[in-house]
Amino acid sequence: MEAIPVLASQGGGRSPRIADAKQIDSEIKPIQDLGAELLFLGDVAHPAMLARLVNSPPAFALVKQAGAPGTADGRDGRRTKRL
């Protein structure tokens, strides 16, 4: 992190403003409070087809529907036939 301003100036750019941990936490907490999961490009959970796009978002929040595969309520999202 300390090298970022130096690297930016060497590349002819200006140094980006780097958020501190408190600011980052204040932005992440509301997302987590919604039950969303943050996915980042390169994460195992990041959708491979989305990652292949030229303009793929480097990060996004995923909110799962109740009953969807992998949700905490244990249902797998499949429809079942009632007898």
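M1 counts as exposed because its relative accessibility is 66%, where exposed means over 50% relative accessible area, buried under 20% and partly exposed in between, with a 1.4 Å probe and protein chains only. You will find M1 in the segment before α1 (4-10); helices (H or I, at least four residues) and strands (E, at least two) are DSSP runs, numbered from the N terminus.

This is a predicted model, in which local features need pLDDT of at least 70 and side-chain atom pairs count only at pLDDT 80 or more, while totals for chains, interfaces and linings use all residues. Residues are numbered from 1 along each chain as its sequence is written, and side-chain values use heavy atoms, with hydrogens and water left out.

Let us stay with the surface. R17 lies in the loop between α1 and α2, and R17 is exposed because its relative accessible area is 66%. Although R17 and P5 are 12 residues apart along the chain, their C-alpha atoms are separated by 9.0 Å.

Now turn to the largest pocket. A pocket is an open set of points on a 1 Å grid over the protein atoms alone, where a 1.4 Å probe fits, with protein on both sides within 12 Å along at least five of seven lines; lining residues have an atom within 4 Å of a point. The lining includes A19, Q23, F40 and F60. Two or more lining residues come from each of α2 (21-33), β1 (37-40) and β2 (59-62), and α2 gives the most, with 5 residues.
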